[in-house]
Amino acid sequence: MDPNNNPPVNNAASAKPSGTESAATLPTPTGRPPRRAICLAGGGPAAGLHIGALRALEQNGITFNNEGDVWALSCIGAWVGIIYNQAPEGKEIETTISFFRDVFRDDKSFKSFPMNTIFSTDWAGNAEAMLDFMLRPTNYRNAFLPREIMRAFRHTLSAIRGGSTMRLRKSSDEKGEFEELEFKDFSEGDFNRRVLNDLLAVHPAVRFLTAMIYKSKVDGLSRLYYPDSSFLNNINFANVRNRKSFIYYNAWNLSRQELVLFANDVEKKFTPPSSAKAPVVGYKPVSAASLCACSALPYIEQTVTIDGDIYCEGALIDTVNFENLLQDNDLDEIWISRIVDASQVLPPRNLHDSLANLCELFCATVGEDDVELFKCRLKQDQSPKWTKIKVIEIPVSSTINFEWSHSNLEHGIKAGEDAGKRAVEQYRQKIATGERVITPPVDQEIVAKRRNLVRQRLIQAGRADQ
């Protein structure tokens with residue numbers, strides 16, 4: 001059952017556009033079909049929005065499969081774009097949906113096991129790291145600190161002696177306000193801090209185990225890239241390399257402190273951007289390793305080593321490298337699918353929600369800022385190559401959640417399809433007006449639904465009345 005009460009999506013292959021529906025028949029001034037780019041940004045469990053948008057565009061004759069077309073990708077957008085382009089021709093949407101249904105978890109299982117099917121623990125790697133930590137004599141040197149233990153003991157006695165006076169304190173919970181007794185000079189916050197610093201921080205066993213957890217040679221909760229992984233080896237990168245369109249995504253090289261662009265055509269001319277936040281290098285070949293690197297969000301996923309260098313997610317630095325998109329390609333239209341937005345972030349009910357909010361809130365704001373900066377740059381530059389470009393924004397649905405569940409995937413596909421149709425409608429209305437940036441108006445019905453979802457989440461979190 002969909003938690004947002006949305007109807008299930010039809011997973012049938014996308015329909016072919018009719019001649020009257022196609023928006024792709026509008027030629028450029030030179031008479032050729034427009035060269036288009038599709039930008040698919042990051043957003044993890046909101047991936048369904050990308051799939052639905054691609055389906056809607058395809059159904060309306062807007063594709064990105066011709067020579068001169070470009071796929072500019074990052075994070076989960078790279079996974080959607082690569083899976084789409086490695087699929088047999090004519091079965092792209094069907095194949096992409098099938099792939100992500102294997103990544104997302106069945107709703108019944110997800111309720112008590114709230115994670116996707118691929119962020120697995122590296123058991124052997126973790127065991128090796130723990131053994132390495134335990135066998136290093138230097139790791140035992142600071143486990144037992146007699147002076148710190150004595151200091152903690154004195155602090156504890158002082159706190160007990162000074163906090164013996166009682167007082168009434170007003171407090172509240174989901175049932176309302178109430179009064180309770182507490183030590184006058186020793187609050188709940190003081191107690192928790194004393195436990196942390198005067199009990200846990202000086203206990204030799206706790207110190208050693210804490211150090212082993214945080215300082216072993218493990219840099220992520222999960223590991224995605226394995227050279228012999230059947231999950232990765234089933235991705236047909238040869239098909240990606242043989243596509244007519246140019247496809248690229250980015251990853252951050254931690255070893256060299258530079259952003260690297262991986263592409264299906266490494267012979268394409270690369271222009272070092274003049275206003276980049278960090279050095280940019282391109283183009284290197286797409287592969288399973290680089291695809292995992294482009295989505296290796298620090299702490300959540302382990303870094304990926306490629307040719308001796310350590311990589312993590314590139315969208316943390318630049319969403320889809322808009323400057324290279326403009327400089328290295330001759331485009332007429334740029335379609336932008338940004339699937340996460342600050343309005344999607346709801347009050348957390350638990351640690352699962354809080355971790356999702358941590359990952360997606362910065363992704364939403366960084367992506368939005370990059371798009372806005374790109375639009376400003378595009379409007380200010382008056383060179384003929386850039387003034388002819390039209391930017392079409394696909395609206396971000398604010399009714400999805402950040403769960404790796406089948407219902408959220410299906411709802412995302414349906415919401416993405418609706419967003420894609422709205423973008424096409426605005427495109428048709430304004431393509432002949434000379435307007436360079438086409439953004440569909442805010443759907444007030446979706447805004448109202450989102451407010452209701454916020455209200456429901458507050459009630460579930462015990463922070464609002466029914």
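A cavity, on a 1 Å grid over the protein atoms alone, is a set of points where a 1.4 Å probe fits but cannot get out. A pocket is an open set with protein on both sides within 12 Å along at least five of seven lines. Lining residues have an atom within 4 Å of a point. Grid points are joined across faces, edges and corners, and a volume is the space filled by probe spheres set on the points.

This is a predicted model: local features need pLDDT of at least 70, side-chain atom pairs count only at pLDDT 80 or more, and totals for chains, interfaces and linings use all residues. Numbering starts from 1 along each chain as its sequence is written, and side-chain values use heavy atoms, with hydrogens and water left out.

**Whole chain.** Show the cartoon. There are 16 helices and 14 strands. These are DSSP runs numbered from the N terminus: helices are H or I with at least four residues, strands are E with at least two.

**Largest pocket.** Select Asn116, Phe119, Ile300, Cys359 and Trp404. Of the 34 lining residues, these lie nearest the centre of the largest pocket. Its volume is about 730 Å³. Now colour helix H13 (351-380). H13 gives the most to this lining, with eight residues. Helix H2 (76-86), helix H3 (92-103), strand E5 (220-222) and strand E9 (299-301) each supply at least two.

**Helix H2.** Stay with H2. Is H2 enclosed or open? Eleven of its eleven residues are buried, so H2 is largely enclosed by the rest of the structure. Among them are Trp79, Tyr84, Asn85 and Gln86.

**Cavities.** The whole structure holds five cavities of 30 Å³ or more.

**Surface patch.** Last, select Met130, Met134 and Tyr140. They form a nonpolar patch on the surface, with about 280 Å² of accessible area together. Tyr140 sits in the loop between helix H5 (123-134) and helix H6 (146-162). Tyr140 is partly exposed, at 41% relative accessible area. Patch residues have over 30% relative accessible area and no salt bridge; nonpolar side chains are joined within 5 Å, like charges within 9 Å. A salt bridge is a side-chain nitrogen of Lys or Arg within 4 Å of a carboxyl oxygen of Asp or Glu. Areas come from the Shrake-Rupley method with a 1.4 Å probe; for residues, only the protein chains shown count as cover.

Key. Buried means under 20% relative accessible area, exposed over 50%, partly exposed in between (1.4 Å probe, protein chains only).
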